[in-house]
Amino acid sequence: MLLLHVKGAKSFEEMRTVNGTIFPTFKEAAKEMGLLTDDGLWVKTLTEASEVAMPYDMRILFVIICVFGNPSDALALWTKFKTYMYEDFTRRGLSDERAEQLALADIDKLLRYHATWNEEIGLPKPDVQSVTDLNTLTENNDNDFTESID
């Protein structure tokens with residue numbers, strides 16, 4: 001997108017420079033230039049999905065939006081819809097904090113199929129124990145999951 005709007009740039013740094021300020025990412029430079037729209041479409045999409053989709057499906061949809069939809073603020077979308085994305089874990093009796101970490105671990109795992117990860121899109125990195133516990137869940141096919149990670 002920046003290639004269409006930054007004329008004569010001779011380096012990547014010049015592409016990230018807007019009004020004399022060098023931004024750390026191309027996305028931030030594009031935001032500063034007003035080239036990115038708000039995330040209204042993604043909010044509407046996730047709102048509609050939250051009414052009918054299961055938590056795992058919400059996580060998959062979120063990853064698809066982040067990878068292919070290029071939202072301007074993935075963290076804000078996560079914050080707004082995270083309870084819908086970790087509800088499957090809280091139904092098993094886990095705390096909201098633990099469920100959130102497991103959902104973040106699952107999202108990170110899904111993002112890695114697309115050669116990206118949580119931190120790259122602005123989400124928190126899941127704790128190491130959650131990554132291990134998520135692998136346990138996958139291996140055990142849900143059997144006695146809450147007992148094995150408590």
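So, Asp-88: leaving aside its neighbours within four places in sequence, Asp-88 is in contact with Pro-55, Tyr-56 and Arg-59. By contact I mean heavy atoms within 4.5 Å. With Arg-59 there is also a polar contact, side chain to side chain, at 3.0 Å. A polar contact here is a pair of N or O atoms within 3.5 Å; within protein, one must be able to donate a hydrogen and the other to accept it, and residues adjacent in sequence count only if both atoms are side-chain atoms.

Where does Asp-88 sit? Asp-88 is in helix H6, residues 74-90. Buried or exposed? Asp-88 is buried, because its relative accessible area is 15%, and buried means under 20%, exposed over 50%, partly exposed in between, using a 1.4 Å probe and protein chains only.

Quick housekeeping. This is a predicted model, where local features need pLDDT of at least 70 and side-chain atom pairs count only at pLDDT 80 or more, while totals for chains, interfaces and linings use all residues. Residues are numbered from 1 along each chain as its sequence is written, and side-chain values use heavy atoms, with hydrogens and water left out.

Now let's zoom out. The protein has 10 helices and 2 strands. Those are DSSP runs numbered from the N terminus: helices are H or I with at least four residues, strands are E with at least two. Along the sequence, the pattern reads α-α-β-β-α-α-α-α-α-α-α-α. There are 150 residues, and 37% of them count as buried. Take the contacts between residues at least 6 apart in sequence: 57% of those join residues at least 24 apart.

Back to H6 and its partner, H5. The axes of H5 and H6 come within 7 Å and cross at roughly 155°. That angle is why H5 counts as roughly antiparallel to H6. Axes, by the way, are lines fitted to C-alpha atoms, for helices over the stretch in contact, and angles run from 0 to 180 degrees between N-to-C directions. Under 35 degrees is roughly parallel, over 145 roughly antiparallel, 65 to 115 roughly perpendicular, and the rest oblique.

Who makes the contact between H5 and H6? From H5 the residues include Pro-55, Tyr-56 and Arg-59, and from H6 they include Leu-77, Trp-78 and our friend Asp-88. By class, the residues of this contact divide into 13 nonpolar, no polar and 3 charged. For those classes, Ala, Val, Leu, Ile, Met, Phe, Trp, Tyr, Cys and Pro are nonpolar, Asp, Glu, Lys and Arg are charged, and the others, Gly among them, are polar. The crossing of H5 and H6 is left-handed, meaning the near helix is turned anticlockwise from the far one by less than a right angle; clockwise would be right-handed.

H5, residues 55-69, also meets H7, residues 96-112: their axes come within 10 Å and cross at roughly 50°. H5 and H7 are therefore oblique to each other, and their crossing is right-handed. Among the residues making that contact are Tyr-56, Arg-59 and Val-63 of H5, with Asp-106, Ile-107 and Leu-110 on the H7 side. This contact has 9 nonpolar, no polar and 2 charged residues.

Staying with H7, have a look at Arg-98, which lies in that helix. Arg-98 counts as buried because its relative accessibility is 19%. Sequence neighbours within four places aside, Arg-98 is in contact with Asp-127, Gln-129, Ser-130 and Asp-133.

Now a residue on the outside. Phe-68 is in helix H5, and at 60% relative accessibility Phe-68 counts as exposed. Phe-68 and His-114 are 46 residues apart in sequence, yet 9.7 Å apart in space, C-alpha to C-alpha.

Which way does phi go at Asn-70, positive or negative? Positive, about 50°, although Asn-70 is not a glycine. Asn-70 lies in the loop between H5 and H6 and is partly exposed, at 43% relative accessibility. Ala-115 has a positive phi too, about 60°, and is not a glycine either. You'll find Ala-115 in the loop between H7 and helix H8, 118-121, and at 64% relative accessibility Ala-115 is exposed.

Last stop, Thr-25. Thr-25 is in the loop between strand E2, 21-22, and helix H3, 26-32. With a relative accessible area of 33%, Thr-25 is partly exposed. Thr-25 and Glu-13 are 12 residues apart in sequence and 9.3 Å apart in space, C-alpha to C-alpha.
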